[in-house]
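Here is a short tour of a protein model for someone new to structures. Keep the 3D view open and follow along.

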Amino acid sequence: MKENNGALAGNLACFAAYAIFGFNIISCKNIAIDGNITPMALFCLRSFGATALFWIWSLFTAPNDHIKKEDLGKVAVASFLGLFLTQISFLFAITQTTAIDASIMSTLSPIMTLIISALVIKEKITWSGVAGIALSLVGVFILIFNSVSIRSGADSTSIWGILGMLVNTLSFASYVGIFKPVIKRYSVVTFMKWMFLFSSLMSLPFAFGAFKASNLAAVPTDIMLHVIYVVVAATFIAYFLIPFAQKRLRPVVVCMYSYVQPVIAMIIALALGLDQLTLLKVLASVLVFLGVGLVNFVPRKVQ
């Protein structure tokens, strides 16, 4: 019963995190359209802001909880893969790929996670995992090609954009697929405060140039509210929820919730009058959640 409650909590956390990411698309696009904050400056704001929030939170919830010296290097690598490289490669790739091509490339992440988990933590690949991913992929592709895109991107896709998205999906899949054993040893707050601290240190060489190229004084109030949402909700809260879920779910399940983002994007587009609901889109959404359920709830033994 306790295990079932943990799995339910993990699923709810994952869904909430990727729902937040879905709304984050709107905020990031509005910030980009405003143009006063460069993408790299926004990344630095997210990293520095989340670092401060997690360290302050830890003073009240886990003041005596520390990362063991032998795990600090692993946490640094996890930070590089799961935060720094994932975000930097996406910022580069989105300027070199169309919105549709970037969306299609991002669907590779759960597949990569499944393979990496099998190789590193010996999670057995079964028909339920493969079938679930395939089912969700069909739903995602239907949404991609039949819904209005609300992402910004390039007019055409270059080979560098494709390589950037491959690095993006592979780095995040590696983080999700490899570091569950380390995450389970610590509280979420302790793990994430060190993750973001390392990410902030990696961002320092870029911070001065990024902020110099930005015009923070000219940022209007509505855009500043979007920035606050990105830092607090889409970084601090969402990145708390993901490791919370990682402690309770298999890596491939965590990564498969990325397929929820196109569904959230569709709902936002419908609410804003940018898209129309059709039976095909309803079917696509059902396929996405059926695929997640198939991977999640069909028993899978670990070798």
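On a 1 Å grid over the protein atoms alone, a cavity is a set of points where a 1.4 Å probe fits but cannot get out, and its lining residues have an atom within 4 Å of a point. This is a predicted model, in which local features need pLDDT of at least 70 and side-chain atom pairs count only at pLDDT 80 or more, while totals for chains, interfaces and linings use all residues. Residues are numbered from 1 along each chain as its sequence is written, and side-chain values use heavy atoms, leaving out hydrogens and water.

**The overall fold**
- The protein chain has 13 helices and zero strands, where helices (H or I, at least four residues) and strands (E, at least two) are DSSP runs numbered from the N terminus.
- Of its 303 residues, 51% count as buried, meaning under 20% relative accessible area, with exposed over 50% and partly exposed in between (1.4 Å probe, protein chains only).

**The second largest cavity**
- There are two cavities of 30 Å³ or more, with grid points joined across faces, edges and corners and a volume being the space filled by probe spheres set on the points.
- The second largest cavity has a volume of about 70 Å³.
- Its lining is made up of Phe43, Arg46, Ser47, Leu83, Gln87, Phe196, Ser199, Thr235 and Tyr239.
- Helices α2 (39-61), α3 (69-93), α9 (188-212) and α10 (221-246) each supply at least two of the lining residues, and α2 gives the most, with three.

**Nonpolar cores**
- A nonpolar core is a set of buried Ala, Val, Leu, Ile, Met, Phe, Trp, Tyr and Cys residues joined through side-chain atoms within 4.5 Å.
- The largest has 63 residues, and Val75, Tyr175, Phe191, Met192 and Met195 touch the most other members.
- Apart from that core lies another, of ten residues, including Ala41, Leu42, Ile223 and Val227.
- Leaving aside neighbours within four places in sequence, Met192 is in contact (heavy atoms within 4.5 Å) with Phe54, Tyr239 and Pro243.

- Helix α7 (residues 159-178) has 20 residues and should span 28 Å, which agrees with the 28 Å between its end C-alpha atoms; the expected span is 1.5 Å times one less than the number of residues.
- Among the buried residues of α7 are Gly161, Phe172 and Tyr175.
- Lys68 sits in the loop between α2 and α3 and is partly exposed, with a relative accessible area of 47%.
- Lys68 and Tyr186 are 118 residues apart in sequence and 9.6 Å apart in space, C-alpha to C-alpha.

Technical notes: 1 Å grid on protein atoms, 1.4 Å probe; cavity = no way out; pocket = protein on both sides within 12 Å on 5 of 7 lines; lining within 4 Å.
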